[in-house]
Amino acid sequence: DALPIYKGMVLAAEIGICIIILICYGASRDPGYTSVAIIEMIFSIVFFIIFMLQLDRSLTFIHWPWTDFIRALIAALIFLITSLIVIVRHYDGAGVAGGVFGLLAGILFAYDAYLTFPSLRKTHAPTATESPDGV
């Protein structure tokens with residue numbers, strides 16, 4: 001199955017783009033949104049380790065597809081919002097570059113949420129129900 005390998009590549013790309021954003025915001029005159037890149041990079045590293053070591057199969061008390069979907073969706077929204085703010089407010093090159101990479105990160109995280117969405121539908125197992133007549 002190639003999906004775990006592809007998921008690992010998407011998570012590695014998320015980590016890489018967060019590092020680039022962190023460098024751009026760090027070089028900017030106003031590094032106000034570096035915490036977004038740091039937090040999302042840490043979340044991506046944690047999920048990368050969990051999925052690559054297949055800990056999601058042994059830690060079954062957490063619904064990993066929903067957790068990953070919510071993580072990616074929130075990250076996409078936060079990156080898109082903060083990047084638009086940075087692009088509008090910053091006038092130095094590093095800040096604008098961080099904003100542009102932030103928009104790309106928002107698109108990448110949205111794509112990750114899109115990839116995760118079909119697994120949410122597959123994991124539901126129907127249960128047997130009893131008819132009201134007791135038959």
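Helices (H or I, at least four residues) and strands (E, at least two) are DSSP runs, numbered from the N terminus. By that rule, I49 lies in helix α2.

This is a predicted model, in which local features need pLDDT of at least 70, side-chain atom pairs count only at pLDDT 80 or more, and totals for chains, interfaces and linings use all residues. Residues are numbered from 1 along each chain as its sequence is written, and side-chain values use heavy atoms, with hydrogens and water left out.

## Overall make-up

The protein chain has 5 helices and 0 strands. Read from the N terminus, its elements run α-α-α-α-α. Of its 135 residues, 34% are buried. Buried means under 20% relative accessible area, exposed means over 50%, and partly exposed lies in between (1.4 Å probe, protein chains only).

The accessible surface of the protein chain is about 8300 Å². Carbon and sulfur atoms account for 72% of that surface. Accessible areas come from the Shrake-Rupley method with a 1.4 Å probe; for residues, only the protein chains shown count as cover.

Contacts (heavy atoms within 4.5 Å) also say something about the chain. Among those between residues at least 6 apart in sequence, 76% join residues at least 24 apart. W66 and T116 are 50 residues apart in sequence, yet their C-alpha atoms are 8.2 Å apart in space. W66 is in helix α4, and is partly exposed at 42% relative accessible area.

## The nonpolar cores

A nonpolar core is a set of buried Ala, Val, Leu, Ile, Met, Phe, Trp, Tyr and Cys residues joined through side-chain atoms within 4.5 Å. The largest one has 16 residues. Within it, I17, C18, I21, F79, A105 and F109 touch the most other members. Helix α1 gives the most, with 6 residues.

Leaving aside neighbours within four places in sequence, F109 is in contact with E14, C18, E40, S44, R71, A72, A75, A76 and F79. There is also a second, separate core of 5 residues, and F47, I50, F51 and W64 are among them.

## The salt bridges

A salt bridge is a side-chain nitrogen of Lys or Arg within 4 Å of a carboxyl oxygen of Asp or Glu. The structure holds 5 of them.

| Salt bridge | Closest N and O atoms |
|---|---|
| K7 with D68 | 2.4 Å |
| K7 with D112 | 2.4 Å |
| E14 with R71 | 3.2 Å |

Each pair spans two helices. K7 lies in helix α1 and D68 in helix α4, so their bridge ties together parts that are 61 residues apart in sequence. D112 lies in helix α5, so the bridge from K7 to D112 ties together parts that are 105 residues apart in sequence. E14 lies in helix α1 and R71 in helix α4, so this pair joins parts that are 57 residues apart in sequence.

K7 is buried, with a relative accessible area of 12%. D68 is buried as well, at 2%. D112 is buried, and so are both E14 and R71. Salt bridges link K7, E14, D68, R71 and D112 in a network.

## Helix α2 and what follows

Helix α2 has 19 residues. From its first C-alpha to its last it reaches 27 Å, close to the 27 Å expected at 1.5 Å a residue. The expected span is 1.5 Å times one less than the number of residues. The buried residues of α2 are T34, V36, A37, E40, M41, S44, F47, I50 and F51.

Back to I49: at 42% relative accessibility, this residue counts as partly exposed.

Just after α2 comes Q54, with a positive phi of about 55°. Q54 is a residue other than glycine. Q54 lies in the loop between α2 and α3 (55–58), and is partly exposed at 44% relative accessible area.
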